[in-house]
Amino acid sequence: MDPISRAKSHQTRIDSLWDFDDPAESERRFRDAANSERGLDGEILTTQIARAVGLQGRYDESVALLNELPDDEDEELRVRVLLESGRVINSSGGADRARHEFEAALTAAEAAGFEFLATDALHMLAIVAAPNEQDALNGRALELATSATDPRARLWRASLLNNMGWSAFERGDLPLALQRFEDALVAREEHGKTSEILAARWCVARTLREMSHFDEALAIQLQLADAHRAPGSTDPYVDEEIAACRAALNENDPTAS
């Protein structure tokens, strides 16, 4: 199998094992999977053990796992080690040092033709960059994801548009933020999970409220509340937005409900 096809195969397996809402369970899954593998396949899985460990705040353990891996024998492994090293360094407070790792990962991934990993590296570079650099880096990542032949790399579009939406929101460019959130929603509806689609709709509604379109924002949030009506399924962020929209409507019109 050629390196690009092999990297795609690895990513498919990695995706099947990850639950980012439960890094402890993800760690268990990756350890179980790695125990049954030898050589490169096991080493690739170990990079994800390190990521899961880092997400639980065990930074030194994560670094130790990555340091034990060879990073000069296989280009995919090298890129993944750089990415996960950058992530744990950033999580532990070293954004400047993390940037060096992400830049090296991007260079290596682009040279090897790993579209998904190159987009991931650009996405992480945007996270650690200064605010005035983030949009350009996310824009580069979006261009790469949009033109990618790897379907998995194309799935980055929704996350990148979401990040670009929040960048625009935070600097007060609300029309642009709304456009980006609406584009992210379309991308989520094409390929996303139900939870991701609901989150994308929340972002649209949140921006509409910020633009004083309270009726539109409230209507979306009420629909989202209905989507969370299953027993034990509530969303405090939706409830908070409903309250904020109703308060704004009542402030503008005391007869509004």
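Mentor: The largest cavity in this predicted model has a volume of about 90 Å³. Here a cavity is a set of points, on a 1 Å grid over the protein atoms alone, where a 1.4 Å probe fits but cannot get out; grid points are joined across faces, edges and corners, and a volume is the space filled by probe spheres set on the points. Searching the whole structure turns up one cavity of 30 Å³ or more.

Its lining residues, meaning those with an atom within 4 Å of a point, are I4, A7, K8, Q11, R80, G113, F114, E115, F116, L117 and D150. Two elements, α1 and α7, each give two or more residues to this lining, and α1 supplies the largest share, four residues. Helices such as these are DSSP runs (H or I, at least four residues), numbered from the N terminus. By class, the cavity lining has five nonpolar, two polar and four charged residues. In this scheme Ala, Val, Leu, Ile, Met, Phe, Trp, Tyr, Cys and Pro are nonpolar, Asp, Glu, Lys and Arg are charged, and the others, Gly among them, are polar.

Now follow α7 to a neighbour. The axes of α7 and α10 come within 11 Å and cross at roughly 10°; axes are lines fitted to C-alpha atoms, for helices over the stretch in contact, with angles from 0 to 180 degrees between N-to-C directions. That makes α7 roughly parallel to α10, a label for angles under 35 degrees. F116, T119, D120 and H123 of α7 touch W156, L160 and N163 of α10, where contact means heavy atoms within 4.5 Å. Those contact residues divide into three nonpolar, three polar and one charged.

The largest pocket holds about 1500 Å³; a pocket is an open set of points with protein on both sides within 12 Å along at least five of seven lines. Of its 46 lining residues, F20, R152, S159, R188 and E196 are the closest to the centre. Among the elements giving two or more residues to the pocket lining are α1 (3-17), α7 (115-128) and α10 (156-170). The pocket lining divides into 19 nonpolar, 13 polar and 14 charged residues.

A note on reading all this: residues are numbered from 1 along each chain as its sequence is written, and side-chain values use heavy atoms, with hydrogens and water left out. Local features need pLDDT of at least 70 and side-chain atom pairs count only at pLDDT 80 or more, while totals for chains, interfaces and linings use all residues.

Notes: Angles under 35 degrees count as roughly parallel, over 145 as roughly antiparallel, 65 to 115 as roughly perpendicular and the rest as oblique.
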